[in-house]
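Subject: Structure handover

Hello,

Here is the structure for you to look over. My notes on it follow below.

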Amino acid sequence: MACSVSDSPSLKDLPKVATDLKSQLEAFNPSCLRDVDTNEKIVLPSAEDVATEKTQKSLFDGIEKFDSSMLKHTETQEKNPLPDKDAIEAEKEKNKFLNGIENFDPTKLKHTETCEKNPLPTKDIIEQEKTA
């Protein structure tokens, strides 16, 4: 796109620069600057990173392009084997035992009197222990 002379701004429309700044810019000497070596840090991925990324990409491609029409139809047979006769009988005995404990009727118990017997040793027994 060509620009004609009439499109350029006039001198009075341009922004004004302060005179002290203008004099500093004109008097600037680039030889005062220090030489600096710039180090560009471009970190490239290692060979291992590239290899793992390729394997991941191939796995994702395999998943995306998977053809389910190549699968074979299979019938699933659910097997639920029943426990044998001995196991059933053992469980019945356990349930009877638990029911007997849970449904216990304490009113069927007979009343008893408890008599504690703790005989104290006689003098003869104490003397025998002391001599022994």
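The protein exposes about 14800 Å², and carbon and sulfur atoms supply 56% of that area. Accessible areas come from the Shrake-Rupley method with a 1.4 Å probe, and for residues only the protein chains shown count as cover.

Some ground rules. This is a predicted model, where local features need pLDDT of at least 70 and side-chain atom pairs count only at pLDDT 80 or more, while totals for chains, interfaces and linings use all residues. Residues are numbered from 1 along each chain as its sequence is written, and side-chain values use heavy atoms, with hydrogens and water left out.

Overall form

The radius of gyration of the protein is 52 Å, whereas a compact globule of 132 residues would come in near 14 Å. That radius is taken over C-alpha atoms, and the globule rule is 2.2 Å times the number of residues to the power 0.38. Along the principal axes, the C-alpha atoms fill a box of roughly 135 × 75 × 40 Å. Buried residues account for 0% of the 132. Here buried means under 20% relative accessible area, exposed means over 50%, and partly exposed lies in between (1.4 Å probe, protein chains only).

The protein has four helices and zero strands. In sequence order the pattern reads α-α-α-α. Helices (H or I, at least four residues) and strands (E, at least two) are DSSP runs, numbered from the N terminus.

Helix 2

Helix 2 covers residues 47–64, 18 residues in total. From first C-alpha to last it reaches 26 Å, close to the 26 Å expected at 1.5 Å a residue. The expected span is 1.5 Å times one less than the number of residues. Zero of the 18 residues in helix 2 are buried, so this helix lies largely in the open.

How many salt bridges does the structure hold? It holds one. The side chains of Asp61 and Lys57 form it, at 3.5 Å from N to O. The criterion is a side-chain nitrogen of Lys or Arg within 4 Å of a carboxyl oxygen of Asp or Glu. Asp61 and Lys57 are four residues apart in helix 2, so about one helical turn separates them. Asp61 is partly exposed, at 25% relative accessibility. Lys57 is exposed, at 52%.

Gln56 is also in helix 2. Its relative accessibility is 46%, so Gln56 counts as partly exposed. Gln56 and Asn29 are 27 residues apart along the chain, and their C-alpha atoms are separated by 56 Å.

After helix 2

Leu71 lies in the loop between helix 2 and helix 3 (85–102). Leu71 is exposed, at 56% relative accessibility. From Leu71 to Asp84 is 13 residues in sequence and 39 Å in space, C-alpha to C-alpha.

Surface patch

Val17, Leu21 and Leu25 make a nonpolar patch on the surface, with about 290 Å² of accessible area together. Patches take residues with over 30% relative accessible area and no salt bridge; like charges are joined within 9 Å, and nonpolar side chains (Val, Leu, Ile, Met, Phe, Trp, Tyr) within 5 Å. Val17 sits in the segment before helix 1 (19–26). Val17 is partly exposed, at 48% relative accessibility.

Cysteines

A search of the whole structure finds zero disulfides. The test is a pair of cysteine sulfur atoms within 2.5 Å. Cys32 is exposed, with 62% relative accessible area. Cys115 is exposed too, at 61%.

Best wishes
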